[in-house]
Amino acid sequence: MRRAPAPAKINLALVVGPVRGDGKHEVATVLQRVDLGDRVSIAEAPSLSVTGFAGDTLVREALLALAAAAGVEPRWRAAIVKRTPVAAGLGGGSSDAATALRLANATLSSPLSAAALHALAAGLGVDIPFFLADGPQLGRGDGATLEPLDLPQDYWIVLALPRGVAKPSTGAVYRRFDERDGPVGWEERRDELERALAAARRPRDLAALPPNDLASSPLAAELVRLGAFRADVSGAGPAVYGLFHHRRSAEAARRALRNVARSWLTVPAWYG
């Protein structure tokens, strides 16, 4: 049996543009793993099964796609230990799928190349290729075209999931973005993002990244009031993150939010 962590991610920035010819939006997003996540195990088996998370569709779909691409039968038993909040903007399902792909690919007598595995992952979901790469990445195009980033990693992260908030579908979030003419000014916001990335040397420089185009939350402003040097919604939400220089201030912020949000204290992670 092979086991590996499936870390969550945060979007340190998410700039969204117009709809592309393939129906997806143009984006520029900064993706950063965090040291909170699920755990996935894979073992060879007579037939395909996925246990541990009844809501899974992505791991099963990924393993079926891998078997088809490799020309083999999908004979794996996958088990998921779930810790990442579901449908929160933290990429838990995508990370599980990427981890399952890596582990199952390693069991093949003729494994897919890294490039082939990336292409297969991109066809399953735009966030999945990120979890096959190490370190923070700039996602372009639909988000699956990745460029490695050299960003500071020495800070603390408070993840907060507001209580009583029901997330609309990601598709609905994008539709609202289009209805309010969100793509207007996309090039300027993208250029602002690229300038901020070029200047990022210390953790506090991440405060210059543009805010999330898709979603906002009053929890972000509260985290800044509590001492975060940057706070924003991750992905389409509703999870919010706050970045802190010191553990003590991050822990104090967690305590202050306990009545309005579930929260976790974590740090950046380089790989799964």
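Me: Does aspartate 142 count as buried or exposed?
Reply: This is a predicted model, and the call here rests on relative accessibility. Buried means under 20% relative accessible area. Aspartate 142 comes in at 15%, so it counts as buried.

Me: Which residue does aspartate 142 meet in a salt bridge?
Reply: Side chains of opposite charge can pair when their charged atoms come close. For aspartate 142 the N to O distance is 3.2 Å, and a salt bridge needs those atoms within 4 Å. The partner is lysine 24.

Me: How many residues apart in sequence are the parts that this pair, aspartate 142 and lysine 24, ties together?
Reply: Aspartate 142 sits in the loop between strand E5 (137-140) and strand E6 (145-148). Lysine 24 is in the loop between strand E1 (2-19) and strand E2 (25-44). So the pair ties together parts whose separation in sequence is 118 residues.

Me: Which helix holds both arginine 247 and glutamate 251?
Reply: These two form a salt bridge, with the closest N and O atoms 2.8 Å apart. They're 4 residues apart, about one turn of the helix. That helix, covering residues 247-256, is H7.

Me: What is the relative accessible area of glutamate 26, the salt-bridge partner of arginine 20?
Reply: The closest N and O atoms of arginine 20 and glutamate 26 are 3.8 Å apart. Arginine 20 is partly exposed at 27%. Glutamate 26 is partly exposed too, with a relative accessible area of 25%.

Technical notes. Residues are numbered from 1 along each chain as its sequence is written. This is a predicted model: local features need pLDDT of at least 70, side-chain atom pairs count only at pLDDT 80 or more; totals for chains, interfaces and linings use all residues. Side-chain values use heavy atoms; hydrogens and water are left out. A salt bridge is a side-chain nitrogen of Lys or Arg within 4 Å of a carboxyl oxygen of Asp or Glu. Buried means under 20% relative accessible area, exposed over 50%, partly exposed in between (1.4 Å probe, protein chains only). Helices (H or I, at least four residues) and strands (E, at least two) are DSSP runs, numbered from the N terminus.
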